[in-house]
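Subject: Handing over a structure

Dear colleague,

I am passing on to you the structure shown just below, and after it I set out what was found there. Please keep the sequence and the view open while you read.

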Amino acid sequence: VAFVSDFNSRSLLRKSIHAFRESKQFPSEGITAPIVLVPNVGRSDHAAFWKHNVPAFMVTDTMGYRNYGFHNANDTSNSLDYESMARVTTGLIRMIVRLANEE
């Protein structure tokens, strides 16, 4: 799973991915990437926050780059890895709780 931020959100990204990695054993990478240099990095909800300089990041499994059926008629439930989705979701919940308790 990839955590992607813009430069304004780099600190939040680092804290978040650290908390995620401590809460769940799952392969993860973090990258700070401006919208103008990485195709499709601005195609999700986080981009609206970036536009207004509010720290935010995207968590993605990069499926859009790996599955030609992504977001079309071939995007069916049998192409999903439910066990991995559950592991990531659990890790994200624990990450959010940990970050909320730091505030």
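The secondary structure of the chain comes to 4 helices and 3 strands, where helices (H or I, at least four residues) and strands (E, at least two) are DSSP runs numbered from the N terminus. Followed along the sequence, these elements give the pattern β-α-β-α-β-α-α.

Before the details, please note that this is a predicted model, in which local features need pLDDT of at least 70 and side-chain atom pairs count only at pLDDT 80 or more, whereas totals for chains, interfaces and linings use all residues. Residues are numbered from 1 along each chain as its sequence is written, and side-chain values use heavy atoms, with hydrogens and water left out.

As for the chain as a whole, buried residues make up 30% of its 103 residues; buried means under 20% relative accessible area, exposed over 50%, and partly exposed in between, with a 1.4 Å probe and protein chains only. The accessible surface comes to about 7,100 Å², of which 56% belongs to carbon and sulfur atoms, the areas being computed by the Shrake-Rupley method with a 1.4 Å probe and, for residues, with only the protein chains shown counting as cover. Of the contacts (heavy atoms within 4.5 Å) with a separation of 6 or more, 68% are between residues 24 or more positions apart.

Strand β1 (residues 2–5) pairs on two sides of the account, and two strands are said to pair if DSSP finds at least two bridges between them. With strand β2 (residues 29–32), β1 runs parallel and is joined by 4 bridges, and S5 has T32 of β2 as its bridge partner. The chain goes from β1 through helix α1 (residues 10–23) to β2 in a right-handed β-α-β crossover, a term which means that, with the strands pointing away from the viewer, the path from the first strand over the helix to the second runs clockwise. With strand β3 (residues 57–60), β1 runs antiparallel, again through 4 bridges, and here A2 is partnered by T60.

In a regular strand the side chains alternate between the two faces of the sheet. In β1, A2 and V4 point one way and F3 and S5 the other way, and all are buried.

The salt bridges (a side-chain nitrogen of Lys or Arg within 4 Å of a carboxyl oxygen of Asp or Glu) number 2 by this rule. In one, the closest N and O atoms of R98 and E22 are 2.1 Å apart, and this pair links distant parts of the chain, with R98 in helix α4 and E22 in helix α1, 76 residues apart. In the other, R98 and E102 have their closest N and O atoms 3.7 Å apart; being 4 residues apart in helix α4, R98 and E102 are separated by about one helical turn. R98 is partly exposed at 30% relative accessible area, E22 is partly exposed at 48%, and E102 is partly exposed at 45%.

Finally, N53, in the loop between α2 (46–51) and β3, has a phi near 60°, a positive value in a residue other than glycine. N53 is exposed, with a relative accessible area of 58%.
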